[in-house]
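Student: I've got a model open and I'd like to learn how to read it. Can you walk me through a few features?

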Amino acid sequence: MSLRVDKALELYDSMSRVRAFEDRLVITGQQGKISGGIFTGKGHELLTSVAASFLNKEDILGPTHRNMAAHFSKGISYLDMTRQWLARATGGTRGKDNAAHLGSQEINVFGIISPLATMLPLVAGAVLVNSIRNEKRVALTFIGDGATSCADFHEGLAMMASQSLPVVVVIENNGFAYSTAVSEQSRRKNFADHSKAFGIPSEVVDGTDIVLCYEAFERAFDHVRQNKGPYLVEGKVWRMSGHSLADNCSYVPEEFKNEAEKNDPLLLTKRYLLSQGVSENKLREIKKAWKKKAKEVFEQVLEEAIPDPASVTEGVFAGGMTL
Amino acid sequence: MPREDMIMPQLGESVAEGTILKWLKKVGDNVAYDEMILEISTDKIDSEIPAPIAGVLAEILVEEGDTVPVRTVIARIETDISQPSSVSIPVGEDQCVLPESKVDTLLNDVAISENKGEHTGPPLQSKRTQRFFSPLVKRIAKENNISLEELENISGSGVGGRINRQDIEKYIASSSASSGEVTKVVPMDSMRKTIAKHMVASKKISPHVMSVHEVDMSAIVAWREQWKDHFYKKHGFKLTYTPIVLHCVVQALKEFPWINASIQGDNVIEHRNIHLSMAVALKDGGLIVPVIKNAQHKNLINLCQSVQELSEKSRNKKLVMSDLEGGTFTVTNAGVFGTIMGYPIINQPQVAILAMNAIVKRPVVVDGDAIAIRSMMYFNMSYDHRIVDGMMAGRFLQRLCQLIAEFDVSGEP
Amino acid sequence: MTMTYLNAIREALFAEMRRDKEVFLLGQDIAAYGGAFKLTKGFLEEFGKERVIDTPIAESAIVGAAIGAALMGLKPVAEMQFSDFIVGGFNQIVNMAAKCHYRWGAAVPMVIRCPSGGGMGAGPFHSQNPEAWFTRVPGLKVVCPGIPSDAHGLLIAAIRDPNPVLYFEHKFLYRHIKEEVLAIGEPIELGKARVDRVGSDLTIITYGGTLRLVREAAERLQENEISAEIIDLRTLIPLDMDTVSISVRKTNRVLIVHEDTLTGGFGGELSARIAEYDFEYLDAPVKRIASLDTPIPFARNLEQAFMPDTDQICVAAQELAVY
């Protein structure tokens with residue numbers, strides 16, 4: 001087994017980091033201090049953190065809306081992310097876009113847009129730097145189960161497959177596309193089955209099991225780093241929140257909610273780490289520290305300046321031109 | 001049955017009254033829409049006036065020979081068409097209302113805006129008009145202090161009689177640049193009144209000075225004798241001394257723009273175009289001064305034609321208002337009466353008037369100390385000493401004489 | 001050097017790809033086949049398959065991949081085989097490409113080449129002029145050359161521009177117009193209209209496919225002593241209203257001609273701006289000549305009835321001249 005305890009602990013730290021942030025985000029949202037939809041990846045933390053942990057600095061991340069764990073892994077800070085959510089003048093999009101839509105060319109994180117599946121073609125194009133500039137980058141992109149119905153999922157895979165591009169595509173199957181259960185969306189057993197249509201390899205993994213996940217992504221990244229083309233990983237997770245904060249989840253069956261709680265990846269990972277000899281105290285400390293940090297950062301940012309109205313026309317065009 | 005008022009129209013800026021010359025219809029007659037029903041006279045021009053509406057001439061309120069202020073009701077027409085009461089548009093004191101030439105159906109739909117009397121803003125904003133004026137035309141009018149009423153009177157060459165840029169520019173070029181009086185003379189008794197009034201005013205306005213030069217016309221006289229018959233046969237109009245002189249005058253004026261100018265306050269308005277006013281004496285007394293427009297673009301033959309045409313129009317009373325307006329320099333020919341020198345009065349708002357005189361054979365000194373008989377003519381120019389000094393006038397006349405002396409008599413005109 | 005419109009485009013691509021190794025092409029059938037119009041013939045041989053990429057039939061992925069590559073600093077020139085198919089990539093163009101820089105400060109230096117226009121009896125799906133759709137998306141530049149020298153210089157400028165540029169090349173003009181191209185390899189600044197003919201009686205504003213018709217009309221009008229000034233917009237966005245206004249204020253009469261359909265065509269925007277900025281200089285209403293508001297019919301005679309022609313332009317110009 002290749003997952004060492006220290007690595008697992010690192011991953012737990014990552015998961016705790018995003019969990020603490022999102023908990024604080026939800027409270028702030030409930031206080032009415034954030035406008036627009038508030039999306040969290042509660043239940044996705046393990047899958048996302050493990051996948052993102054295989055990225056080097058030069059690799060490209062094309063997330064979707066429940067992957068803040070990956071944003072943080074890549075180098076976006078609490079401060080950056082909070083300023084983004086709270087639409088501050090110093091935010092990643094300077095108040096021009098909401099949620100976790102920020103990006104950074106420095107650390108190769110692409111800024112998401114609301115239309116789904118759109119990130120797939122982007123990361124496919126991004127890794128063309130390998131052939132044109134002679135570089136050695138890979139890309140990681142995420143997509144929800146629902147978004148696999150979108151045209152860009154298929155077109156993106158077609159592009160990746162035809163050019164044999166080094167992209168790890170992670171389908172986060174959390175059981176629901178907003179209120180539409182997975183069973184109502186498609187007739188296939190696994191979303192990973194799409195890979196057959198494109199002639200690319202895939203596997204399905206329990207997204208709440210740290211060891212299985214780690215091994216799956218080891219395989220995935222090995223594959224792509226050896227220039228064997230794209231690799232599809234379907235991680236099965238439990239959506240532990242509503243679609244957004246505004247969702248009352250009336251359509252979610254009670255058993256699902258219970259199972260979700262039981263399969264909280266932080267809980268399961270904690271159990272695993274304890275079984276590996278890590279002290280409970282240590283884990284509690286990690287959790288506490290992030291909780292404190294999140295609270296502090298949110299309080300700090302809530303005091304910060306909102307954007308200058310004069311900036312509304314800035315940035316339409318690169319090179320300083322406005323219409 | 002409703003009765004519509006018909007009013008004395010204002011056919012030009014600064015016209016304050018009109019005289020009924022002749023009613024062409026009598027009470028009880030049917031009148032068609034647009035049919036001419038009377039003739040009036042103003043100190044600018046005579047005109048026939050059409051009925052503003054179809055119907056029966058019910059009342060004549062002002063008799064022939066009477067003079068009334070503009071806007072006075074002069075007649076009433078009974079109509080069986082019910083018209084909206086939009087014939088007379090409420091106006092302020094310094095406005096006037098024109099007789100309706102056309103009832104635009106649009107008028108029925110649009111509310112008439114009230115004129116609050118004095119205009120404080122630009123005169124052409126939010127006013128009801130009978131014609132459509134494009135934004136461009138309105139702007140040009142505003143910039144040139146042309147009132148709405150004037151605009152209504154300008155004839156249009158665009159679709160449906162609409163005024164376009166060319167029309168208004170032509171109008172501006174032909175009307176005086178300043179808001180001062182333009183001395184225009186019109187036939188009949190009121191003409192004389194007007195002449196008198198204006199002559200007095202001109203002397204009051206301009207400090208008149210005169211300079212005299214003489215020129216040897218022998219070569220031109222001979223040349224004209226040689227070619228005049230041929231010329232007339234070829235063109236149908238005459239080759240006379242006036243257009244020859246005008247031709248040289250135009251050239252000289254190009255070189256002395258201050259003489260082709262007007263004065264407005266402390267400014268000298270140099271006119272880019274040369275519109276030559278030409279004094280024409282009328283057979284039964286009276287003087288009229290039609291204008292050759294844009295003489296700078298005319299060659300000798302054009303000038304001959306213009307001179308002849310305007311003379312004929314003057315004598316046949318066929319001149320229209322635009323023929324009489326906009327002159328920038330006047331030439332008068334007293335020579336036809338034998339005058340060898342005169343002292344003309346400046347035609348306001350111009351700043352100079354040139355008299356050409358009788359060509360008389362006289363002994364003159366030529367080639368050193370010899371004496372020869374030459375056909376000589378005096379040019380004398382009266383000018384406004386506010387802006388034209390003796391030196392400039394002298395030089396201008398000198399140049400004119402030079403141009404005459406150098407006039408090309410070598411071939412066919 | 002005299003060359004056809006098509007060759008002018010080829011030469012621009014050659015020049016830029018030779019000058020900058022990061023300029024590359026992607027599209028359908030552009031590599032070995034040399035493109036549907038043989039425009040990219042020889043490019044594969046010279047630049048190799050890394051820089052001349054045959055893609056699947058996936059407009060959204062083509063555009064998306066171009067965006068991703070551009071985000072990495074490469075200079076993609078994507079081709080839509082026919083501009084009519086650009087709608088497949090509409091989401092990526094208007095939601096992703098147009099908004100990246102405004103949102104997260106990331107420039108998208110990409111060009112999408114769109115062979116557009118009718119007059120060849122190619123039917124409703126191979127003849128459209130879709131430029132107007134994109135003029136109303138802030139963040140995109142829209143270019144429509146009408147002559148070879150502009151096709152050449154504007155494409156070079158587009159490739160060098162740090163913003164997403166939609167370049168509409170008119171198919172009919174490919175081989176039907178042949179003119180001098182002087183400054184080979186030199187850019188022509190985007191956003192500058194061109195006075196194609198000096199005149200005094202009216203201004204005819206046009207671009208793209210109808211420039212040649214307007215030129216013919218102006219010759220005919222001259223014989224009837226009507227002097228038409230022709231303004232070739234060349235770039236729709238950014239729009240050069242200064243050149244337009246100077247002409248309108250001189251002639252006071254405006255006719256707008258474009259091959260796109262009337263309603264919602266760019267002529268409406270132009271007309272509104274003229275009416276607003278140059279109102280007091282108008283001596284006649286601003287008129288437009290455009291294709292009829294119908295899908296493009298297939299039969300040659302129906303297509304001719306649908307599209308503007310020189311006769312129509314002459315009649316409208318004459319009416320305006322005497323208005």
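**Reading salt bridges, burial and confidence**

Tutor: Let's start with Glu16(C), which is buried, with a relative accessible area of 0%. Buried means under 20% relative accessible area, exposed over 50% and partly exposed in between, using a 1.4 Å probe and protein chains only. Keep in mind that this is a predicted model: local features need pLDDT of at least 70, side-chain atom pairs count only at pLDDT 80 or more, and totals for chains, interfaces and linings use all residues. Residues are numbered from 1 along each chain as its sequence is written, chains are lettered from A and ligands numbered from 1 in the order in which they are written, and side-chain values use heavy atoms, with hydrogens and water left out.

Student: Which residue does the side chain of Glu16(C) meet in a salt bridge?

Tutor: Side chains of opposite charge can pair when their charged atoms come close. We call it a salt bridge when a side-chain nitrogen of Lys or Arg is within 4 Å of a carboxyl oxygen of Asp or Glu. Here the partner is Arg19(C), at 2.7 Å from N to O. Arg19(C) is partly exposed, because its relative accessibility is 46%.

Student: How many residues apart are Arg19(C) and Glu16(C) in the helix?

Tutor: An α-helix has 3.6 residues a turn, so residues three or four places apart point the same way. Arg19(C) and Glu16(C) are 3 residues apart in helix α1 (residues 5–19) of chain C, so about one helical turn separates them. Helices (H or I, at least four residues) and strands (E, at least two) are DSSP runs, numbered from the N terminus.

Student: Which pair links distant parts of the chain?

Tutor: Look at Arg113(C) and Glu79(C), whose side chains form a salt bridge of 2.8 Å, N to O. This pair links distant parts of the chain, with Arg113(C) in strand β5 (residues 111–116) of chain C and Glu79(C) in strand β4 (residues 75–79) of chain C, 34 residues apart. Arg113(C) is buried at 2% relative accessible area, and Glu79(C) is buried at 4%. Salt bridges that share partners also tie Asp150(C), Glu179(C), Arg194(C), Asp196(C), Arg215(C), Asp232(C) and Arg234(C) into one network.

Student: What is the salt-bridge count over all chains?

Tutor: It comes to 56. One more example is Arg137(A) with Glu135(A), at 2.6 Å from N to O. Arg137(A) is buried because its relative accessibility is 13%, while Glu135(A), at 25%, counts as partly exposed.

Student: What joins the side chains of Thr19(B) and Thr67(B)?

Tutor: A polar contact is a pair of N or O atoms within 3.5 Å; within protein, one must be able to donate a hydrogen and the other to accept it, and residues adjacent in sequence count only if both atoms are side-chain atoms. Thr19(B) and Thr67(B) have one of 2.8 Å between their side chains. Thr19(B) sits in strand β2 (residues 17–23) of chain B, and it is buried because its relative accessibility is 18%.

Student: Where in chain B does pLDDT stay under 50?

Tutor: pLDDT is the predictor's confidence in each residue, from 0 to 100. Chain B averages 81, and 82% of the residues score at least 70. Residues 83–127 of chain B stay under 50, and the model has 69 contacts for them beyond four places in sequence. Contact means heavy atoms within 4.5 Å.
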